[in-house]
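Here's a quick tour of a protein model, going from its core to its charged pairs and then to a sheet. Have the viewer open and follow along.

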Amino acid sequence: MWKNKFHIEAEKGLVNDPNGLIFWKGEYHVFYQLNPKSCEHTFKNWAHIKSKDLINWEKLPIALAPTDWFDKDGCYSGSAIEKDGKLYLMYTGNVKNNGVRESYQCLAVSEDGISFKKLGPVIHNNDIPKGYTRHFRDPKLLRKNGKFYVVLGAQRENLTGTILLYSSKDLFTWKFEQEIIKGEFGYMCECPDYYEVNKQGVLIFSPQGLTANGILYNNRYQSGYILRNIKETEKNNFIELDRGFEFYAPQSFIGKGGERIMFGWMGMPEELEHPSVEEGWIHSLTLPRIIEIENNKLYQRPHTNLQKLRKNKITIENLEVNGKVNLEKFNIKGITYEIILKLEELNSDLILNIRAGENNKTVLKYEYKNKLFILDREKSGRGYKGIRKCVLDTLKEIRIFSDTSSIEVYLNNGEEVFTANIYPEKDAENIILEGNNIKVEKIEFYEI
């Protein structure tokens, strides 16, 4: 009942972090954390799929399984890189002996992109610098000026989170360079990523233990970015990537056209009470998003290839809203769809109810005077409830991807994004606009 139609997820078991994202030899490879045995955070494998277009995916054999002494308690997150025509994976081998954690950063290699040979640890448990605990994981590889680098999530011995940088000439012998973050970011920084877009450096990470601050940092854990060079350690202006509920551990890579693409995990650690568990599965990945930097802000835009999902276009132009307008009268309704609303300048509040039925609705609201956009899933159906908000000076466009049990909401061409799981009843198919003196310049609706 809850299986998504066009998001990446497993047939059974638990999905979490996207791993090893790479465009290699004409194909997109996506790996992700998978427990194929249950909906719990145990027995972590690397599942593997590939695609030529980011739409149609081929399932491949498990790439990494926790079968060796250096990863026996889980093949944790990591990344991929090409070297000498071969595909290399670097991942964290998680080991617990008598309740004591050990951490190994390991390599695996493939010549065909399907079968992988483990090469063992290249950064050993005993190689972790003094001053850091064994919470040391999630290597993200990058190449710059003829050298390899890796950023790693870490925890200081005073139980605060940070990120470390290593360098290598060959992927096998690594040198500790420095700690690259100095700010206060909770007790652990997971899943770091660093890249450049139009010569602007972007540092991504997922801090655990941030204290909620008004409408900020309201999830159990957060994921966000700082616009800075990799070694500008004093720059700590952390901005959340996604203003919704289920978004964590994002990872990026370079696509076919040179664009920077990001997937995130549409889930949250330690939150396992989703109705999908009754069907034997839990969690998905987000849609692929193109990352661009404009006016010192990171924008996330649905990858252009997603337009291939579109069917049966319906267009409405110059719609005036005074009161309630159910778009059903224009044959616009459904469960799995994409809808784009382009708005003329607002001078009052706007409410958009999606996946609305007799008992359910997911509410998207713009408070004109407060300059706030709000996602309210208090009546979205089963599952987790809550309200999330962000500051938005103007609202010009709303673009929504609605899947069976999830929504992704893109505002103003990717200026802000809200991601959430929802579990409404089967009759919740209506899309309803509410407001006074609202002028909608154009609505585009596509079945998926």
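Let's start inside. The largest nonpolar core has 36 residues, and Leu 327, Ile 339, Phe 373, Leu 395, Ile 398, Leu 433 and Ile 443 are the ones touching the most other members. Strand β32 (residues 430-447) is the top contributor to this core, giving six residues. Another core, of 19 residues, lies apart from it, with Ile 81, Tyr 88, Ile 128 and Leu 141 among them. A nonpolar core here is a set of buried Ala, Val, Leu, Ile, Met, Phe, Trp, Tyr and Cys residues joined through side-chain atoms within 4.5 Å. Buried means under 20% relative accessible area, exposed is over 50%, and partly exposed is in between (1.4 Å probe, protein chains only). Strands (E, at least two residues) are DSSP runs, numbered from the N terminus.

Before going on, a word on where this comes from: it's a predicted model, where local features need pLDDT of at least 70 and side-chain atom pairs count only at pLDDT 80 or more, while totals for chains, interfaces and linings use all residues. Residues are numbered from 1 along each chain as its sequence is written, and side-chain values use heavy atoms, with hydrogens and water left out.

What does Ile 339 contact once neighbours within four places in sequence are set aside? The list runs to Leu 327, Ile 332, Ile 398, Arg 399, Ile 400, Ile 431, Ile 443, Glu 444 and Phe 445, with contact meaning heavy atoms within 4.5 Å.

On to the charges. There are 29 salt bridges in the structure, each a side-chain nitrogen of Lys or Arg within 4 Å of a carboxyl oxygen of Asp or Glu. Here are a few of them:

| Asp 84 | Lys 83 | 3.1 Å |

Glu 179 belongs to strand β12 (residues 174-179) and Arg 156 to strand β10 (residues 147-156), so their pairing ties together parts that are 23 residues apart in sequence. Both Glu 179 and Arg 156 are buried. Elsewhere, Glu 240, Arg 243, Lys 297 and Glu 416 are linked in a salt-bridge network.

Now for a sheet. Five strands make up an open sheet with mixed pairing, in the order β4-β3-β2-β1-β19; two strands pair if DSSP finds at least two bridges between them. At the edges sit β4 (58-64) and β19 (281-282), each pairing on one side only. Strand β3 (residues 45-51) runs antiparallel to β4 and is joined to it by four bridges, with His 48 standing opposite Leu 60 in β4.

Strand β1 (residues 13-24) contains Asn 16, which is buried, with a relative accessible area of 5%. The Asn 16 side chain makes polar contacts with the side chains of Asp 17 (3.2 Å) and Lys 44 (3.2 Å). A polar contact is a pair of N or O atoms within 3.5 Å; within protein, one must be able to donate a hydrogen and the other to accept it, and residues adjacent in sequence count only if both atoms are side-chain atoms. Not counting residues up to four places away in sequence, Asn 16 touches Tyr 32, Gln 33, His 41, Lys 44, Trp 265 and Leu 285.
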